[in-house]
Every structure is written in structure tokens, then in C-alpha cells.
Amino acid sequence: MTLEPVNPFAVPHLHGPVQPLRPFAHDHDGLYVRVDDGEQQYLSFQRQMGDLRALLEIGRTVLAIGESGCGKTALLHRCAAWVIAELGGRGVTAKVVDATRRFLVAREMPSAERLVAVCDHLYDLMRQDGLIRPDADAEFKENRREPYRVYQNLGGFMPDDHVLILLLPSPKELWEEVVQYAGFAQGRVLFLMESDMLADEDVARIRRDVAHFTEPVVLQVGPLVAGDVERFVTDRLGRRGNTARFPRLSDEAIAAAGRKFKTVAQLQLALHSTYQSRMDRATGYENDAWVTAEEILEDSERRSVKGSGTS
Amino acid sequence: MSGGRGDGTPLRNPFSTMAVSRIVGFGEDLGTTDVTVETDAIRRAVTYLTEYLDAPPAERGGPESATVMLILGEHGSGKSHLARHLVRLAGARLSDETSSLHIEATADDVLHTYQRLLLQVGLDRVRARVNEFYADIVAEQLQDTGLASNAVELLRRREIEPRSVVRQLQLMESQLLRRVHRKLHDVTADARYGQALSLLLRPGFETAVWNWLTGLEPEGILVERGIATPIATDTDVLEAMGVLALLFGGERRRFLLVVDEFDKIFSAARDADRRVVPAFQEMLEVFTRAGACLVLCGHPDFVDMLDSSTVERVTHTVRMAGLSAAQVEQFVRLAQEAEFGSPRLEPFSVETAAYVAALTGGNPRKVIRMCHALYRMAHESPEGRVTDEMVRETARDQLGSLSTDEVVQAARRVLLHNGWTYQPDHYLALGRDSRVDFWLTFEDRTGGCAVVFTDSVLTEQDFTAVHRRTAAVRKAVPVAEVVVVVNGVVAVEPAARLRQVLGREPLVYSGRGFAEDFRAAVRAAARLLPGDPRRDPMGGVGQRIDQINRQQSSLYDFVEQLADHLDVMRTSSDRRLDAIQQHLAALDTGPGRVGAPSADPALPPEVARLFSDGLAALEEITQTELMVREAFDSAAPDVLEAAQRRQGSAGYLEAVGIAALLRQALLSFRDTVLRWYRTEHVPRFAEELPPSTADSLDEICRTYDAVVEYLPLHRLEPLVQLPPWSSRGGVVSELTRSTRRARLWQRLDNLSLHVRDTLVRAALSGQG
């Protein structure tokens, strides 16, 4: 039997090699690997959320911080998936509404303006997902540009057995925005935010300024640490086992990758790209072939100058 | 002569008429069409700049090579030209164009100068420079990890975008951007600039950052990131200029900033804000720290505006001197080479070029203007060459100033204001040559001082004519000094000979400063006259007193004229204010004010009406403003004739003067009463005023009475007799004369008493 060649670092259903996992939308839950402190943060999240009573009664806000590429988005997605699963077991429907995409635009807007814009957009998103009760639609629509009114009544706008998990645009360095949303939290609403620009001192400011009962759950991810690369590689290669055809990674290559790559995103991209290149060459893509450290570095070299005229 | 002639060939004049701001044929490429004549000043400035550009890069952390150069010179001495020359020179030697910037500070103030500078720099350059910091930081990180060595090289050579590398390798962008922010903070030594510039690397901030950098109010997205105030004050702006130097200078870079006419803007800024001087000092320090080259051009007086510690920061001072005859000749050759391809002096000659140099004092702007005119004249003349006569004619046209009559009048004013005894247009003996324009005698001196006016002294004949006149003066009055005033220019040779004959420089009329120069020349001449031994001391005192009286009389006339002028202005503005106040009162429909014809809504309406009625009665009989305005508006002969007739009528002018004074008294009375009403404690709904309050009001009323006490109000009658200007010529106006008179007296008689009683009554009743 001829085995199909596969890229062991490709993730099904995602559009690019570094797209964050979306376990609430796809079967990605098993793809999380214990790297970047992500596992501990995930467990911490579960612990802080407890039996989710607080979420149902007063709402919660979660803030993930850490440098770019350390897995904040993937972690939040995993948290969202857990909440959905947990509540689903109790007959409560939790839905993720992603309000982040619309705000990846060329013009930055002031915090207050963005607050209104998100709220305005939220009406459309929730309506598309059938998250607005028909009898509340008119009121929501009328107040869609009034964040204070909308968030205060958001639970009431939804069917009683529904929970909203709202992925908010990044507040970037504006910690006050986190305080603002934490104040908006109402029962059956979970705000998920992430920032690669907020540091520990900003978190201290947030904790100082929010009311105790609305204090956000703060999750912090960091760069790769010793053992992360090996765990990640072992997981991805082992997942396919002998059911597919792909070259193996030498210990030396894994060690080199551990020295060169600082974040899980960097690692994922480098290995995905190296395997893809080897696959595109049509030869040398056998189970008994090896991907070397040099090959990984050469691939990075090639990618780094892409578009410079020398690639 | 190529370049055209009267044969129909179009003229190609190689001497640009736009020489005010640029030298002829000044091309974009250095060394191709540049016609710079290398003067000593240019040589020195170029040397200083070259030393700066060629200085070896400072060791890491060591002091950078920096230059602060002042280029000083009179108007038209070629400062702007030199400034551009330096920038082009730097541009030709520096491969990186972001290292060479130039701005001509034609703006009126520091802010606009900075804005022009920033626009020349442009957003692209600023962004590119910030990107360079980013590239260096990304390269550094890649090097540390040993990843992507090719990218490191390309980043350092600026051949690849750091953003692209970051994306391709999924580097930790947030950490890298934070490092750029810290770096920019360190470089600019200012948190706001560090923040703003680093935001240029993030999408969505560009417009806001650029707007703020150009002086606009910061947008919300900047305010919430700590940039809360605009770059608005002069000190802010000087700081911002320093930031640009730090951004584009330093780190082994070469940055040249030339600010032309800096003296003007600095002077204005310094007068407006005392903090500008230390801010300017700080800017010089920052430029030095940044290893930049700052060239400031200005008038020679500019140095006097700077204190010693600022001057210490100036590394080089270059003073512009006039072009020599040989340099003018060289300029003519170069300009024609730039235009026609080969250097030549024709249609000029060595002599005419030297003549031009002599008459213009070598001032490049004047040289160019004269050459331009002379070239055209030669082109249109049959002989096709520049002649001495053409040079003189052009000199008279371009360098002469006023008509002789105007110069004589200017001199007369000086003599009058100094109280000197003089006789105009005086013959000291028989014969035309002994005629002097002014003959001055002094009480304690024998002889006298002759003032002689002449047009430009350019030729031997011109000199001889002046010499003949000075000789005739001295022949007629052996003890005489002669002050020669030239309305035009003096060529070098005649000037030297005049100096020999006169024993002093001839005084060349130059509008501004002439009065001072002329006064000094007369005083100096008077001092050279011997004392008068026949004069007894008392006679001397008497003459001195006469002189003082004349001086005072002259001064008095002047002050009177000034006072009249001010009165007219004040009257006009007061009337406008009255009108505005009346409009405001009419608009005010609050309780107790409906229909009040108040001139000042703050006074009780009845009191305000007393004043406005009095003023209206005066206006009714004078209407001078209306008359003058109508005369100017229409300029019709009948209007002007009516105005003249009115002014010529018996007693009119005196009556107008009395009315004006009375009006002023009324206005002051009203204002003082208003102040009393606002500041004194006037109880409402009381039986009577407290004694001190009543006393102060009485005092005001008595003051008014005292002011108008000696005004002969009966002499207003000629105004009453005349029909009002607005209804002149009408029959009805004749019939209303008695009404006007009655109204006038009714409103002005016992006015102070009426005001006092009405005001007290109104105040106690709770009105107003």
C-alpha cells in the first residue's frame, strides 16, 4: 500500500500555517500541546471559572497577555471551547461571536469610538447567529450605538438559555479599555480579550481600577521553554504515526530548532514550511528520510528574504 | 553679440531678473550650470561644511562631529545663494538623501518655518528613518539568534522591509516594536516623540502622527497614548527641530539643516516669549549632540541678539563681503557660459564690469540687477556693448531713491526738529555756484555750514560740479563747512576725491536712517567751526533760548498734530462702540430693559439715556465723521466743495474742536459713572446712599463740571447755524435751527446734576 504524503504540521480547516486553533469550530481540541505555558494557563482558567455560576450570574472578562506568536488567541479559543462544552452539558448554549476581524483596519480609532463601533457591529453579528430574541430585536437595534445600554441589557436581549462568548478587538496598550469592558460584563456574557502590549504593571492598574467582582481572569503566555520543541514535534509527528508518508526530524534538528525559535508560532511556521518545501520537491519525502537542522535554517533563510529580490 | 540683437533675434538675457532669490542659471545639478563666483566667504563656508562632511565617524559613544555656522550679510549679499550652494554640495557628497535637508525660512515665524522644514522632510522620509531603526533592531535580533544571515545583511543595507522579515519568520513583533519605541525615546530624549515616531510602525496611526508633528492638535488616538498637547509654542517648535536633528543626525550620519533669514523669525519669537532664547540654546546643543550641521543665515545684527553662551555654541561665522571688480567680471563670464555655452565678457568690458562693482558695492543682488538691465540696453543699442554712460543711467534708475525735492524736505524736517537756524536756497555770493540748499549758522560759532545736494557722482564732470560748488562756498565764507548730500550713488574714484576736498565722506541718501545720519553730519560740521569771540555771554544765552523756543515750537506743532490725529481716531472708535452698545441694548429684552435707549446696558436705562442724548445732540451739530467719510466715498466735486466751504466758514473749526472736547468729557464722565456704579456698594431698595458712596458720585459729577467749566459752549453756535451735514441744502434744516439749539442746551445744561439724581433714584429703586 502506498502511503499518502502529508505535512505533519498542517492543521485541518485552517487557511494558513499559523492560524490559531479553533476548537469551538473544528475538531482541534486534541491538537493543543503543552508548550508556552499554555497548558497551565488553560488549567488556571478552568480553575478561576469554577462551576461557571459567576459567568451565568454576573458575567466574566478574560484577558490573555504575552508577546506575539506565543499562543494567546489559541488559548482563548480553547477556553471558549471548554465553556461551550461545559455549559452544553447543562443544556445551555454558548456561542462565540468574533468581533475582532472588523477592526483590523487601516485607520486606528480612539477607544471610545471603537467601543461604539464594536457595539454597533455586535448587533449584526448576534443577529446573524440568531442570538437575539425576536421581541428584543427592536430595542437592541435602536440602541446599537449605545454601549452602556446594550451591555447592560445584553443578557436580556438573548434567549434565556444562551451565553455569549464575545471575542473583542485587542485593546493594545490601552489598559483602560479592559477596565471598561470588565465593567460592562453582565450575566451570561463572557468577554475574551488579548493584547501583546500590556505588561504586568498594566495588569496591576486594571486590578486596581475594576470592581472586585468584575476582576478579569488574566492569562499569561510566554516564549518557548526547554522541552517545548520536542513535545511539539513529537506530538505532531506521532499523531500521524505510520499512517502517512513524511520524513522524520533528527534529534539534532529538534535541538537546533529549540535554539533558534522563540515562539510556538515561529516553530510551527518553520517546520510547516520546511516540510512543505521538501514535499514540493517530489523526492526525499519518505518515512525513512530525515529533515535536518540545516534544512530548517535554509528554509528560514529563504523565507526571510522573500520579496527582497534575492529570494 | 549672440543672445539676440535688434535684428529681430529674441533676446536671451543671461542675467535673471529673479536674481532676488537665485543666481542666474542655477541648475539642479551641482557643477553643471552653477555659476557661483567663489568669494572668500563661499570658500570658507564650503571648507567648514566639507570638514564636517569628511570628518571620520565618531567612535561608538564618542562625541559626534558637529557644526553650527552663522552666515551673516546684508540684504542681497548672497546668503540664500550660499545656503543653497552648501545644501547642493552636501547633497552631491552624501549618497543618502535623508542626510541632507534644506529649508529657506521665508515663513514669518518659528512654527511656520518648522512646518516648512517638516514638509520638505516629508512623511516618507520620517517613516523611512523610523523604519531604519526598526530594521537595525530586527537585524540585531536575527544576528543574536544566528537566524537568517542574508536577511541581516539586507536589513542593514535597507534592501528589505523589516516588517516583511518579521512576518515571514513570525518574529515577536510586539517585543521588537517595544525595543524601537525605547530606542526612539532614547534618541529623541522625549517620551512624546519616542511614542509618536514608533507609532508610525503600526498600522492606522500614520495620519494622526503626521498631523501632530506638523503642529495640529493631537487626535484622540494620540491623546490616549500620552500625546496630549500640540507642537504649538515657539519653544515646542525649537525642541521639535532638535528632535529632527537627533532623528536624522547622529549614529554616524550627516545631517545638514540650513535656515535662511533666521534672524527675522528668531527676533520675533524672542520678543514674544522669553523662553525662546534658552530653547534656542538647547536646540544648538541638541544639534551638536546629534552631530548635525546647522547653518543659520541672517543680517549681521543677528549676532547682537544672541547672548554670549549662545554665541559660544557657534562654531563658525561667515560674513558675506561684496564682489570685487574681478569677481563681477568672472560672474559675467560664468553667467554667459551657463546661458550660451562659452564664457565671455562682451558686451561688458573690464572697465564697465569694474564700474558695476564700484557702484553696487559688490552687492550680488544689485550686480545681477544692473547686469540684467545693462545687457538689455546693450542689446538694444546700435553699438551692442555696455558703455559707462549706460552704467551711470542704470545706476541712477536702480540705485537712486527719491526726487531731490523729497530729499530736501527730509533734510528740512531734521533742521526744524533740531531747532537749527537755516536759510533755504541761499546764495552766499554772486554766481550760481555759491548757491547752497541750506545755509546754517550757529550762535556760538563763526561762519556757517552749507548743505549741498547733488545727484549721483559717477563721473569726473559730476565731481567737478560738486567741487566747484564747495569751492564757491569757501570763497564766499572762508570759515564754512560743507555737507554734501548725494541722492544716488558715488563711484569709488569720485568718492575718494570728494573725501579729500570735503575732509569727510559725502552723505549718501538712504531712506531709512537718513535723518540720523544727516543730523550727525551737521553736528560734526558745526563742531569744526571756530567759536565766536565777539559774542557776549548773555547774547549767547539769548540765542540759545531762541533755539530752544524754536525747538519747542516745532515740537509743539508736532505734538498737536499727533494729538489731533489721535482724537480723530478715538472719536471714530468711540462712535462705533456707541453704535455697537446701542445695538446690544436694543437686542437685550430682559426685564427692565425693554425699549431702553441705553448706550451702556450696565447703567440704568434712564441714566444711559442722558448720556446718549447728550452725545446725539453733539453729533447732530457736528457730523464731521459723516462728512469726511462721504467725501472719501464719493469724491464728488460738490461734496468736496461743501466740505471745504464748511471748514472755511467763520468759527467752524474752533466749534468743532470744542464739540470734540465736550464729547470726550461726556464719554469719560459716563465711563467713570459706570465704574462707580459697578464697584461701589450701591444698596438696592434703600432710603438713601451711604455717605461715602454718595460722596464719590458727587466727586465724579464735580469733576465733569470742572472739565467743561472753561469750555466756551456759546462758541458752538456756528455749528448750530450750519445745517446738519446729512441734510445740507434743505429748507427744513434752516427752520430747525432753533430746535437744534434748544435740544443742545436742554441736553447739556446741568447734565451732571441730572445724571446724579437719576442715578441715585434708579439705584435705590432697585433698577439696573
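This is a predicted model: local features need pLDDT of at least 70, side-chain atom pairs count only at pLDDT 80 or more; totals for chains, interfaces and linings use all residues.
**Exercise 1.** Now find where B:Asp234 sits and which residues it is in contact with, leaving aside its neighbours within four places in sequence.

*Solution.* First, the element: B:Asp234 belongs to helix H10 (residues 234-248) of chain B. Next, the contacts: with those sequence neighbours set aside, B:Asp234 touches B:Val110, B:Ala269, B:Ala272, B:Asp273, B:Val276 and B:Ala279. Finally, take B:Val276 from that list: 42 residues separate it from B:Asp234 in sequence, yet the C-alpha to C-alpha distance is 6.5 Å.

**Exercise 2.** Over to chain A: which strands pair with S3(A), and how enclosed is S3(A)?

*Solution.* On one hand, strand S2 (residues 93-98) of chain A pairs with S3(A) in the parallel sense, over 6 bridges. Here A:Leu164 is the bridge partner of A:Lys95. On the other, S3(A) runs parallel to strand S4 (residues 189-195) of chain A, with 4 bridges between them; A:Ile165 faces A:Leu190 there. As for burial, 5 of the 6 residues of S3(A) (residues 162-167) are buried, so the strand is largely enclosed by the rest of the structure.

**Exercise 3.** Describe the contact between chains A and B.

*Solution.* Count residues: 30 come from chain A and 26 from chain B. On the chain A side, helix H11 (264-280) and helix H12 (293-304) each give two or more residues. H12(A) supplies the largest share, 4 residues. Sorted by class, that side holds 10 nonpolar, 10 polar and 10 charged residues.

Technical notes. Residues are numbered from 1 along each chain as its sequence is written. Chains are lettered from A and ligands numbered from 1 in the order in which they are written. Two residues are in contact if their C-beta atoms, placed from the backbone, lie within 7 Å. Ala, Val, Leu, Ile, Met, Phe, Trp, Tyr, Cys and Pro count as nonpolar, Asp, Glu, Lys and Arg as charged, and the others, Gly among them, as polar. A residue is buried if 20 or more other C-beta atoms lie within 10 Å of its own, exposed if 12 or fewer, and partly exposed in between; C-beta atoms are placed from the backbone. Two strands pair if DSSP finds at least two bridges between them.
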